[in-house]
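Please keep the sequence and the three-dimensional view at hand while working through the points.

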Amino acid sequence: MLDFIALQAGFDLLFSDASTWLVVIPGILIGMLFGAVPGLQISMAMAIFLPMTLYMDFVQAMLFLTAIFTGGSFGGGIPAILMNIPGTSSSIATAFDGYPMARKGQHNLALGIALGASTLSVIFGYFILLFLVKPISELVLKMGPAEMSIIVIWGITLIASLSGEYVIKGMIAGFFGLLLGTVGYGEAGVTRGTLGTSYLLDGIPAIPAMMGMFAASELFRLVDTQYLVDDSAARRVSINKIFSGFKSVVRYPWVMLRGSIIGVAVGAVPGVGSSIANLLSYIQTKRNDPDPDSFGKGNPTGVMASEAANSSSEAGSMATLLALGIPGGGATAVMLAAFSMHNITGGPQFIREQTDIVYAIIFANFGQAFLLIILGLMFIPVLANVVKVPMHFLIPSVLALATFGSFGLTGNLSGPITVLIFALIGWVFKRYNFSVATAVIGILLGAMAEESLIYSYQISGGQWSYLLERPFAILMLVMLIFSLFGGRLVTLLTNKVKTNV
Amino acid sequence: MDSQKNHFLADLFVTFTIAGIVVWYLIDAYTASSHIINLILILPISLMVLTLCVIEIFRQISGKHKAIEKPEPVASVIPVISLFTIYIASLPWLGFDVGTSLFIAAFLWIHGERRIIWVLGYAIAFGFLVALFFSAMLPYPMPMLILPG
């Protein structure tokens, strides 16, 4: 499974020249900054700094870009925990329990857990990649549009099931979000729901909508609050507590393992990636926990599950990029650009002929994870001071930051306007118990769901029998049905057996 | 008791509004094109939302809803929403630099901050520094009044 000669060559590439590593620390810091500032995306950071890689050799360029990716995956969790703003769509589930933990004064612990889960799962994810890069890429090729459609519907229903006693409202929110995600110019060549404005031709900007629904709406609710953490003693920034949170992840090996496997597997699927991986991992952890009701109220394993999945999904998306030459998302698309800038083409031939470079990239990421621990432990205490800022300073600052960030994403005022409108929608949804998270996932996946359905329809010629030719799709459909009704079925059968006995 | 009733009515209103928007969107999409490609997702999902809305409305009317926790008073949220709306609307004229500084200063003043140094100092420093950072980072021009876009 391992090519030991290439492994040795990979080591030589990495350690023969110390200057190769000089770009890693700036890369992680840039990634953390862009991940932590709402509106600045990891892919944006990589695109901005891509021209610099022209002056580096290929391995150094990949080290720099993957360092940004690694730093950004963790950075996105920081505002999710401290301000309920997922810095990126892959940190949505981190906010579910991270933010309630911060409000209870457990911000140090939550940030430490996020760092621990992120770094360990990066190592674990790349460890899987080291052995399974080829099988993963073969599996990815089996994912067609029919499977993608099922994944989206599965994601929405699963996340709606998190709404506790408001499941129907959760599903309304999720499917309403899906519809909003289809607004704009459709595949049939017509526009839907644009109200005649050109701003909506490309659809509703999903990330600004997410910022409005999560962050701005929450800030409206906190307007009468003095501080993010009410108890003044709990506002203290403690490096010991951060470190204790960091260490605590090893006490939950199954949560970490499950999150990392989900992250790598889902992260490898182009277009889905970490946005879904963190939610799936969160849902599975909640389902397997003896106290599922504590989730959403500040359960540390919720943060762990989410961060483990979004960080390890980096390895999954790298598998697709290296083995197939297909970028799974914005960040890997920039990496693909770096490939072509250095006249390298990803794919089976690249893996076969340049195995040493593949191993060098994988081992470099192990090193990056350790550097992230050091840099994270240095910078988290500074960032955690956010809880000491009075809310009347924090609220306008974060609202303004979201406005800047949304403009950065769209390049025009449609971003800030979207933040405003979706802040109002989010506030109304939260007030009347419609799940904001489900609606956001719907908006993020609406266009992709429609596209996948259309492709399935075109490939199948409208014949349902097409599904029977897709065993992977059938398997996923069975899993979807089981995840929805399996619990009840098992209870029903158990009760029947008990009655008979 | 009145606030419970108001909340219940508002809850119903929100569900009806969602259903209304979905009906409007479905009609708009159908008017644009009745081809299956155009409606392949919109039609089934709309029907699903409408069915769920009907179930939810019956659930609410039949009293299968819990007593609500006291939500934050609307009166304290309205000024913040209004100020944020004015801020976003004024960006094309005031720019991100001055607009942000004024928004933060107004917010601080409304929420009881009377130390002029803090109000002006923080608002101007934050507004201009963040505007400068983003204008340096973003590849396209930003509306600015004083700083270069």
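1. Buried area is the accessible area, found with a 1.4 Å probe, that two parts lose on being put together, summed over both. The model under review is predicted. In it, the area buried between chain B and chain A is about 6,000 Å². Carbon and sulfur atoms give 80% of that area.

2. How many residues of each chain are in contact across this interface? On the side of chain B there are 67 residues, and they are in contact with 64 residues of chain A. Three residues of chain B deserve mention by name: B:I37, B:L41 and B:F84 supply 11% of the area that chain B buries against chain A, more than any other three residues.

3. Chain B is divided into two domains, domain 1 (2–61) and domain 2 (74–137). Taken over C-alpha atoms, the centres of domain 1 of chain B and domain 2 of chain B are separated by 37 Å.

4. The largest nonpolar core has 206 residues. Which of its residues touch the most other members? They are A:F220, A:L399 and A:F429 from chain A, together with B:I18, B:V49 and B:F84 from chain B. Helix α17 (residues 355–383) of chain A provides the largest share of this core, 15 residues. Domain 1 (2–61) and domain 2 (74–137) of chain B each contribute at least three residues to the core. As general background, nonpolar side chains tend to be buried together in soluble globular proteins.

5. A:L399 may be examined individually. When its neighbours within four places in sequence are left aside, A:L399 is in contact with A:A216, A:L219 and A:F220 in chain A, and with B:V80, B:F84 and B:F103 in chain B.

6. Helix α4 (residues 74–110) of chain B calls for a check of its length. A straight helix of 37 residues would span 54 Å at 1.5 Å a residue, yet the end C-alpha atoms of α4(B) span only 16 Å. Where is the kink in α4(B) centred? A kink of about 120° is centred on B:G95. Just after α4(B), B:G112 takes a positive phi of about 90°.

7. Helix α9 (residues 167–180) of chain A has 14 residues and reaches 20 Å from its first C-alpha to its last, close to the 20 Å expected. Eleven of the 14 residues of α9(A) are buried, including A:F175, A:F176 and A:L180. For helix α6 (residues 92–103) of chain A, twelve residues should span 16 Å at 1.5 Å a residue, and the end C-alpha atoms are 17 Å apart, which agrees. Eleven of the twelve residues of α6(A) are buried, among them A:D97, A:G98 and A:M101. Just after α6(A), A:G105 takes a positive phi of about 85°.

8. A:V303 lies in helix α14 (residues 300–324) of chain A. Is A:V303 buried or exposed? Its relative accessibility is 0%, so A:V303 counts as buried, the cut-off being under 20%. Although A:V303 and A:D97 are 206 residues apart along the chain, their C-alpha atoms are separated by 5.9 Å. Residues up to four places away in sequence not being counted, A:V303 touches several others, including A:D97, A:G98 and A:M101.

9. A:S281, in helix α13 (residues 273–288) of chain A, is likewise buried, with a relative accessible area of 0%. Apart from residues up to four places away in sequence, A:S281 touches A:G259, A:I262, A:A305, A:S306 and A:A309.

10. A:L195, found in the loop between β2 (191–192) and α10 (206–221) of chain A, has a phi near 55°, a positive value in a residue other than glycine. A:N343, in the loop between α15 (330–341) and α16 (348–353) of chain A, has a positive phi of about 55° although it is not a glycine. A:L195 is exposed, with a relative accessible area of 69%, and A:N343 counts as exposed at 72% relative accessibility.

Methods
Residues numbered from 1 in each chain as written. Chains lettered and ligands numbered in written order. Predicted model: local features only at pLDDT ≥ 70, side-chain atom pairs only at ≥ 80, totals over all residues. Heavy atoms only, no water. Helix = DSSP H or I, 4+ residues; strand = E, 2+ residues; numbered from the N terminus. Expected span 1.5 Å × (residues − 1). Bend = angle between axes of the 7 residues up to and from the residue. Core = buried A, V, L, I, M, F, W, Y, C linked by side-chain atoms within 4.5 Å. Buried < 20%, exposed > 50% of the residue type's maximum accessible area, 1.4 Å probe, protein only. Domains from an automatic or database assignment. Contact = heavy atoms within 4.5 Å.
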